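Work through the following exercises with the structure open beside you, and try each task before reading its solution.

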Amino acid sequence: MALKDTLLRIFTWWNGQTMSLAFYTARSGQFVGSDDLGNKYYRAQGPLIDASVGSERRWVVYNGYADASRVPPGWRAWLCHNGDVPPSEDGYRPREWQKPYEENLTGTAAAYRPKGSQLSWGARPAATGDYVPWSPGD
């Protein structure tokens, strides 16, 4: 591993897993499964974090840039404790109405800019004159 990659793993959390997460995962993580995007899911082995709450610690190690929208719905439900069985053991199949992953393009040149937006290309459309302001005497 290059020096740059090592420094990125120490000081940044958005470029995959940090060194501390890699250490914690190696020490107390139990691999549960992975998804089509290459994200890996883990659960904590051993005692619960807080016995009064009763939930186990679950986490994801992103394949690349950390973006929560890259977690599929089945795995998201498991991470949020909406299900006890992970999708890898359950035979989860996405519903027909669930859309496949699309990268979040907000803040990039390819972001959606509707007609009339100040950031869209070209000139803004002329006012149509259909707006009538309200006044208290009406």
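**Exercise 1. Sort the residues that line the largest pocket by class, and then locate the pocket.**

Solution. The model is a predicted one. Begin with the classes: the lining of the largest pocket comprises ten nonpolar, four polar and seven charged residues. Next, consider the space itself, for which the computed volume is about 530 Å³. Of the 21 lining residues, Asp36, Pro72, Pro73, Tyr92 and Pro94 are the closest to the centre of this pocket. Finally, look at the helices, where helix 3 (73–79) and helix 4 (87–90) each contribute at least two residues to the lining.

**Exercise 2. Find the salt bridges in the structure and determine how their partners are connected.**

Solution. Side chains of opposite charge can pair when their charged atoms come close. The criterion to apply is a side-chain nitrogen of Lys or Arg within 4 Å of a carboxyl oxygen of Asp or Glu, and the structure holds two such salt bridges.

Step one: Arg43 and Glu56 meet through their side chains at 3.3 Å, N to O. This pair links distant parts of the chain, since Arg43 belongs to strand 2 (residues 40–44) while Glu56 lies in the loop between strand 2 and strand 3 (58–61), 13 residues apart.

Step two: the side chains of Arg58 and Glu56 form a salt bridge at 2.9 Å, N to O.

Step three: compare the accessibilities with the cut-off, under which a residue is buried below 20% relative accessible area. Arg43, at 14%, is buried, and Arg58, also at 14%, counts as buried, whereas Glu56, at 22%, is partly exposed.

**Exercise 3. Describe the surroundings of strand 2, and explain why it is largely enclosed by the rest of the structure.**

Solution. Start with the pairing on one side: strand 1 (residues 29–34) and strand 2 pair in the antiparallel sense over five bridges, and Ser34 stands opposite Lys40 of strand 2. These two strands form a hairpin with five residues between them, and in the turn Gly38 has a positive phi of about 95°.

Turn next to strand 3, which runs antiparallel to strand 2 and is joined to it by four bridges; here Tyr41 stands opposite Val60 in strand 3.

Technical notes
Residues numbered from 1 in each chain as written. Predicted model: local features only at pLDDT ≥ 70, side-chain atom pairs only at ≥ 80, totals over all residues. Heavy atoms only, no water. Buried < 20%, exposed > 50% of the residue type's maximum accessible area, 1.4 Å probe, protein only. Pairing = 2+ DSSP bridges. 1 Å grid on protein atoms, 1.4 Å probe; cavity = no way out; pocket = protein on both sides within 12 Å on 5 of 7 lines; lining within 4 Å. Points joined across faces, edges and corners; volume = space filled by probe spheres on them. Nonpolar A, V, L, I, M, F, W, Y, C, P; charged D, E, K, R; others polar.
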